[in-house]
Amino acid sequence: MSKRKTGIVTDSNSGITQAAGKELGIWVLPMPFYINEELFLEEITLSQEEFYKRLEEDADISTSQPAPADVTELWDRVLEECEEIVHIPMSSGLSSSCETAVMLSQKYDGKVQVVNNQRISVTQRQSVMDAIRLVEAGKGAAEIKEILEAVKFDSDIYITVDTLKYLKKGGRLTPAAAAIGTVLNLKPVLRIKGEKLDAFSKTRGWKSAKKTMIKAAETAMKEEFSDCKGPEDIYLEAAYTGNREEAEEWKKELEEAFPGFPIHMDPLSLSVACHIGPGAKAVALTKVLKI
């Protein structure tokens, strides 16, 4: 049986499930979590529902990077079917798993190309979809890595958290600031652009937070993506943690604010959810890669 030329590997932070990965013809590396010091793998031994249940119970949850042996074992399996690999991990600014993958790939004589393009969740998923199109267009792994890294700043994510508890827990917010924020019903809007997760603005209540995110997306379209004229030039995506029904309402609001844009929505990856808690909502923009 002849081998396929290029195989695509990503991790579960892309929001691509194992089942969806099979449908797309790609491989998904599950991200590991420790809950009360017990190891779980996203979607293999830990579902979204179970994760949020344990989060609400105040279990001690920490994220981890995949074990090097698990990464190389997956690559070896893929290389039985493909001549080379494009590996698209989560942003190197949010996890050291990208750095580890780069180091491990050095033993593969150029057969494994690790893409460091600072993506996470729906924007990481879009990189995978772009890589699929690039493979179909006959591009090789090294060229795909180069193309995807060249457009790494062509995406923007705005996130509002429902509770300050997890930002406080992760040390991103002092206990005093969290206490004041809770009393004032503050909803911080955070931004992921490139490798950083930064504070973008402070709002009071959900109504104001959602308005701020929509305005931020409109401004990004006009200023940062000014050469984009509409849905043919830019992907608009929604993401959330926890409650799907509330997330569907958020998606509807985005559809009303941006008529004509088809909006793809996924749950935010559990690695992000761990730091921001349930009830968060996000909007993401990613420039369409012209092939």
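This is a predicted model: local features need pLDDT of at least 70, side-chain atom pairs count only at pLDDT 80 or more; totals for chains, interfaces and linings use all residues.

Reader: What is the volume of the largest cavity?
Author: Its lining includes D11, L29 and H87. P89 and A101 also line this cavity. The volume comes to about 50 Å³.

Reader: Which helix gives the largest share of the lining of the largest cavity?
Author: Among the lining residues are S97, T100 and A101. The lining divides into five nonpolar, four polar and one charged. The largest share is three residues, and it comes from helix 4 (residues 97–105).

Reader: Now the open space. Which residues lie nearest the centre of the largest pocket?
Author: This pocket holds about 340 Å³ of space. Its lining has 17 residues. Nearest the centre lie Q18, W27, V28, L74 and R77.

Reader: Which element supplies the largest share of the lining of the largest pocket?
Author: Helix 1 (18–24), strand 2 (27–29) and helix 3 (68–81) each supply at least two residues. The largest share is five residues. Those five come from helix 3.

Reader: How many residues of the lining of the largest pocket are charged?
Author: Asp, Glu, Lys and Arg count as charged. The pocket lining has eight nonpolar and three polar residues. The charged residues number six.

Notes. Residues are numbered from 1 along each chain as its sequence is written. Side-chain values use heavy atoms; hydrogens and water are left out. On a 1 Å grid over the protein atoms alone, a cavity is a set of points where a 1.4 Å probe fits but cannot get out, and a pocket is an open set with protein on both sides within 12 Å along at least five of seven lines; lining residues have an atom within 4 Å of a point. Grid points are joined across faces, edges and corners, and a volume is the space filled by probe spheres set on the points. Helices (H or I, at least four residues) and strands (E, at least two) are DSSP runs, numbered from the N terminus.
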